[in-house]
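Try each one yourself before reading its solution.

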Amino acid sequence: MTSARTWHRITAGVALVALVLQLVLSVHGGRVLSETYPPNLFERLLRYVAYFTVESNILVLVTTARLARDPAYDGPRWRVLRVAAVSGITVTGLVHWFLLRPPLHLDGADLVADPLLHVVVPVLAFVGWLLFGPRPRIDWPTCLRAAVWPIGWLVVMLVSGAITGWYPYPFLDHRLHGWGHVAVVCAGIFVLFFALFAALREYDRRRSPAPVTGS
(Lines give C-alpha, C1' and ligand atoms only; values in the text may rest on other atoms or scores of the structure.)
Protein backbone atom coordinates (compact mmCIF):
# COMPACT_ATOMS: atom_id res chain seq x y z
CA MET A 1 0.00 0.00 0.00
CA THR A 2 1.98 2.91 -1.34
CA SER A 3 -0.32 5.59 0.10
CA ALA A 4 -0.15 4.05 3.60
CA ARG A 5 3.62 3.80 3.48
CA THR A 6 3.90 7.40 2.34
CA TRP A 7 1.61 8.68 5.11
CA HIS A 8 3.42 6.72 7.80
CA ARG A 9 6.80 7.91 6.53
CA ILE A 10 5.68 11.52 6.62
CA THR A 11 4.27 11.08 10.13
CA ALA A 12 7.43 9.41 11.39
CA GLY A 13 9.57 12.08 9.73
CA VAL A 14 7.65 14.96 11.29
CA ALA A 15 7.70 13.27 14.71
CA LEU A 16 11.46 12.75 14.45
CA VAL A 17 12.06 16.39 13.47
CA ALA A 18 9.84 17.62 16.30
CA LEU A 19 11.51 15.42 18.92
CA VAL A 20 15.05 16.26 17.84
CA LEU A 21 14.26 19.96 17.65
CA GLN A 22 12.73 19.95 21.13
CA LEU A 23 15.69 17.95 22.46
CA VAL A 24 18.13 20.50 21.06
CA LEU A 25 16.09 23.32 22.55
CA SER A 26 16.01 21.56 25.91
CA VAL A 27 19.77 21.00 25.86
CA HIS A 28 20.35 24.66 25.08
CA GLY A 29 17.91 25.90 27.71
CA GLY A 30 14.95 26.65 25.48
CA ARG A 31 11.57 27.14 27.08
CA VAL A 32 9.66 24.04 28.09
CA LEU A 33 6.05 25.00 28.82
CA SER A 34 6.28 27.78 31.41
CA GLU A 35 9.82 27.28 32.71
CA THR A 36 11.45 30.71 32.66
CA TYR A 37 14.66 29.62 34.38
CA PRO A 38 15.68 26.18 33.10
CA PRO A 39 17.55 23.82 35.47
CA ASN A 40 20.92 22.18 34.79
CA LEU A 41 21.48 19.98 31.74
CA PHE A 42 20.87 16.65 33.49
CA GLU A 43 17.56 17.85 34.90
CA ARG A 44 16.56 19.32 31.54
CA LEU A 45 17.12 15.95 29.87
CA LEU A 46 15.15 14.13 32.58
CA ARG A 47 12.31 16.58 32.24
CA TYR A 48 12.38 16.27 28.46
CA VAL A 49 11.63 12.54 28.61
CA ALA A 50 9.15 13.04 31.45
CA TYR A 51 6.67 14.96 29.34
CA PHE A 52 3.72 12.88 28.19
CA THR A 53 3.88 14.89 24.96
CA VAL A 54 7.40 13.66 24.26
CA GLU A 55 6.62 10.06 25.20
CA SER A 56 3.53 9.94 22.99
CA ASN A 57 5.49 11.44 20.07
CA ILE A 58 8.17 8.78 20.58
CA LEU A 59 5.52 6.04 20.40
CA VAL A 60 4.16 7.57 17.20
CA LEU A 61 7.67 7.69 15.73
CA VAL A 62 8.35 4.03 16.59
CA THR A 63 5.01 2.69 15.35
CA THR A 64 4.74 4.71 12.15
CA ALA A 65 8.36 3.97 11.22
CA ARG A 66 7.54 0.26 11.50
CA LEU A 67 4.32 0.65 9.51
CA ALA A 68 6.17 2.57 6.80
CA ARG A 69 8.05 -0.68 6.13
CA ASP A 70 5.04 -2.98 6.50
CA PRO A 71 1.59 -1.29 6.65
CA ALA A 72 -0.05 -4.58 7.69
CA TYR A 73 2.35 -5.42 10.52
CA ASP A 74 0.72 -7.22 13.46
CA GLY A 75 1.35 -9.00 16.75
CA PRO A 76 -0.15 -9.00 20.29
CA ARG A 77 2.44 -6.67 21.79
CA TRP A 78 2.45 -4.56 18.66
CA ARG A 79 -1.31 -3.99 18.96
CA VAL A 80 -0.85 -2.64 22.49
CA LEU A 81 1.95 -0.33 21.33
CA ARG A 82 -0.12 0.94 18.40
CA VAL A 83 -3.21 1.61 20.53
CA ALA A 84 -1.05 3.37 23.13
CA ALA A 85 0.51 5.54 20.43
CA VAL A 86 -2.76 6.53 18.75
CA SER A 87 -4.67 7.16 21.98
CA GLY A 88 -1.74 8.87 23.70
CA ILE A 89 -1.01 11.30 20.87
CA THR A 90 -4.72 12.08 20.47
CA VAL A 91 -5.06 12.88 24.16
CA THR A 92 -1.88 14.96 23.89
CA GLY A 93 -3.46 17.10 21.20
CA LEU A 94 -6.79 17.46 22.99
CA VAL A 95 -5.29 18.27 26.39
CA HIS A 96 -2.94 20.81 24.84
CA TRP A 97 -5.79 22.49 23.02
CA PHE A 98 -8.26 22.63 25.89
CA LEU A 99 -6.10 22.72 29.07
CA LEU A 100 -2.78 24.27 28.08
CA ARG A 101 -3.99 27.21 26.05
CA PRO A 102 -3.63 30.11 25.51
CA PRO A 103 -0.17 29.17 24.28
CA LEU A 104 3.04 30.61 25.62
CA HIS A 105 4.55 33.62 23.94
CA LEU A 106 7.11 31.60 22.01
CA ASP A 107 9.40 32.67 19.24
CA GLY A 108 12.07 31.25 16.95
CA ALA A 109 12.59 27.48 17.04
CA ASP A 110 10.36 27.12 20.13
CA LEU A 111 7.49 28.43 18.04
CA VAL A 112 8.16 25.66 15.51
CA ALA A 113 8.63 22.76 17.95
CA ASP A 114 5.49 23.44 20.00
CA PRO A 115 2.87 23.08 17.22
CA LEU A 116 4.74 20.17 15.66
CA LEU A 117 4.61 18.18 18.91
CA HIS A 118 1.13 19.21 20.03
CA VAL A 119 -0.82 19.71 16.80
CA VAL A 120 0.83 18.48 13.60
CA VAL A 121 1.96 15.04 14.81
CA PRO A 122 -1.36 14.33 16.61
CA VAL A 123 -3.34 15.21 13.48
CA LEU A 124 -1.09 13.17 11.18
CA ALA A 125 -1.11 10.16 13.51
CA PHE A 126 -4.85 10.14 14.13
CA VAL A 127 -5.84 10.75 10.52
CA GLY A 128 -3.33 8.12 9.44
CA TRP A 129 -4.95 5.59 11.75
CA LEU A 130 -8.42 6.51 10.46
CA LEU A 131 -7.35 6.07 6.86
CA PHE A 132 -4.91 3.17 6.98
CA GLY A 133 -5.28 1.34 10.29
CA PRO A 134 -4.10 -1.38 10.05
CA ARG A 135 -7.26 -3.09 11.17
CA PRO A 136 -8.88 -4.95 12.75
CA ARG A 137 -6.49 -4.63 15.67
CA ILE A 138 -8.39 -3.24 18.69
CA ASP A 139 -10.25 -5.06 21.47
CA TRP A 140 -10.77 -4.29 25.15
CA PRO A 141 -7.91 -6.45 26.48
CA THR A 142 -5.55 -4.57 24.16
CA CYS A 143 -6.95 -1.22 25.32
CA LEU A 144 -6.59 -2.14 28.99
CA ARG A 145 -2.96 -3.12 28.48
CA ALA A 146 -2.36 0.12 26.59
CA ALA A 147 -3.82 2.05 29.56
CA VAL A 148 -1.01 0.82 31.83
CA TRP A 149 1.35 3.39 30.34
CA PRO A 150 -0.67 6.59 31.03
CA ILE A 151 -1.70 5.34 34.47
CA GLY A 152 1.90 4.50 35.34
CA TRP A 153 3.08 7.84 33.96
CA LEU A 154 0.58 9.73 36.11
CA VAL A 155 1.56 7.88 39.28
CA VAL A 156 5.25 8.51 38.68
CA MET A 157 4.70 12.21 37.93
CA LEU A 158 2.56 12.79 41.03
CA VAL A 159 5.00 11.00 43.31
CA SER A 160 8.10 12.64 41.83
CA GLY A 161 6.36 16.02 41.82
CA ALA A 162 5.54 15.71 45.51
CA ILE A 163 9.23 14.98 46.18
CA THR A 164 10.91 17.47 43.82
CA GLY A 165 8.26 20.15 43.49
CA TRP A 166 8.34 19.95 39.69
CA TYR A 167 5.34 18.89 37.62
CA PRO A 168 5.40 18.58 33.81
CA TYR A 169 2.00 20.26 33.46
CA PRO A 170 0.37 22.93 35.62
CA PHE A 171 -2.90 21.01 35.99
CA LEU A 172 -0.98 18.37 37.98
CA ASP A 173 0.39 20.89 40.46
CA HIS A 174 -1.73 20.77 43.63
CA ARG A 175 -0.14 24.00 44.88
CA LEU A 176 -2.00 25.98 42.21
CA HIS A 177 -5.59 24.84 42.79
CA GLY A 178 -5.50 22.07 45.39
CA TRP A 179 -5.61 18.29 45.24
CA GLY A 180 -9.33 18.31 44.48
CA HIS A 181 -8.74 20.14 41.23
CA VAL A 182 -5.90 17.77 40.33
CA ALA A 183 -8.11 14.75 41.03
CA VAL A 184 -10.98 16.11 38.90
CA VAL A 185 -8.70 16.93 35.96
CA CYS A 186 -6.96 13.54 36.10
CA ALA A 187 -10.29 11.74 36.32
CA GLY A 188 -11.55 13.73 33.34
CA ILE A 189 -8.47 12.82 31.30
CA PHE A 190 -8.91 9.13 32.04
CA VAL A 191 -12.58 9.30 31.13
CA LEU A 192 -11.39 10.82 27.87
CA PHE A 193 -8.91 7.96 27.43
CA PHE A 194 -11.51 5.26 27.89
CA ALA A 195 -14.07 7.07 25.76
CA LEU A 196 -11.39 7.24 23.09
CA PHE A 197 -10.64 3.53 23.51
CA ALA A 198 -14.34 2.78 23.00
CA ALA A 199 -14.50 5.00 19.92
CA LEU A 200 -11.34 3.52 18.41
CA ARG A 201 -12.60 0.00 19.02
CA GLU A 202 -16.00 0.71 17.47
CA TYR A 203 -14.50 2.40 14.42
CA ASP A 204 -12.00 -0.44 14.05
CA ARG A 205 -14.79 -3.02 14.26
CA ARG A 206 -17.03 -1.32 11.71
CA ARG A 207 -14.39 -0.58 9.09
CA SER A 208 -13.38 -3.11 6.48
CA PRO A 209 -10.15 -4.98 7.20
CA ALA A 210 -7.09 -3.25 5.84
CA PRO A 211 -5.69 -5.02 2.76
CA VAL A 212 -2.52 -6.99 3.24
CA THR A 213 -1.47 -7.11 -0.40
CA GLY A 214 0.95 -4.78 -2.09
CA SER A 215 3.65 -5.05 0.58
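This is a predicted model: local features need pLDDT of at least 70, side-chain atom pairs count only at pLDDT 80 or more; totals for chains, interfaces and linings use all residues.

Residues are numbered from 1 along each chain as its sequence is written, and side-chain values use heavy atoms, with hydrogens and water left out.

**Exercise 1. Describe how helix α3 packs against helix α5.**

Step 1: Locate the helices, which are DSSP runs of H or I with at least four residues, numbered from the N terminus. Helix α3 covers residues 52–69 and helix α5 covers residues 108–132.

Step 2: Compare their axes, lines fitted to C-alpha atoms over the stretch in contact, with angles running from 0 to 180 degrees between N-to-C directions. The angle is about 35° and the axes are 11 Å apart. The crossing is left-handed, meaning that the near helix is turned anticlockwise from the far one by less than a right angle.

Step 3: List the residues in contact (heavy atoms within 4.5 Å). Helix α3 supplies T53, N57 and V60, while α5 supplies L117, H118, V121 and A125.

**Exercise 2. Decide whether T53 is buried or exposed, and find its contacts.**

Step 1: Apply the cut-offs: buried is under 20% relative accessible area, exposed over 50%, and partly exposed in between (1.4 Å probe, protein chains only). T53 counts as buried because its relative accessibility is 6%.

Step 2: Look beyond the neighbours within four places in sequence: T53 touches T92, L117, H118 and Y169.

Step 3: Widen the view to the whole helix. Buried residues of α3 include T53, N57 and V60, and the buried residues of this helix pack against α1, α2, α4, α5, α7 and α9.

**Exercise 3. Classify the ring pair of Y169 and F171.**

Step 1: Recall the rule: rings of Phe, Tyr and Trp (its six-membered ring) pair if their centres lie within 6.5 Å; planes under 30 degrees apart are stacked, over 60 edge-to-face, and the rest tilted.

Step 2: With 5.5 Å centre to centre and 5° between the planes, Y169 and F171 are stacked. Both residues are buried.

**Exercise 4. Find what surrounds F193.**

Step 1: F193 lies in helix α9 and counts as buried because its relative accessibility is 3%.

Step 2: Leaving aside neighbours within four places in sequence, F193 contacts F52, S87, G88, V91 and P150.

Conventions
Helices (H or I, at least four residues) and strands (E, at least two) are DSSP runs, numbered from the N terminus.
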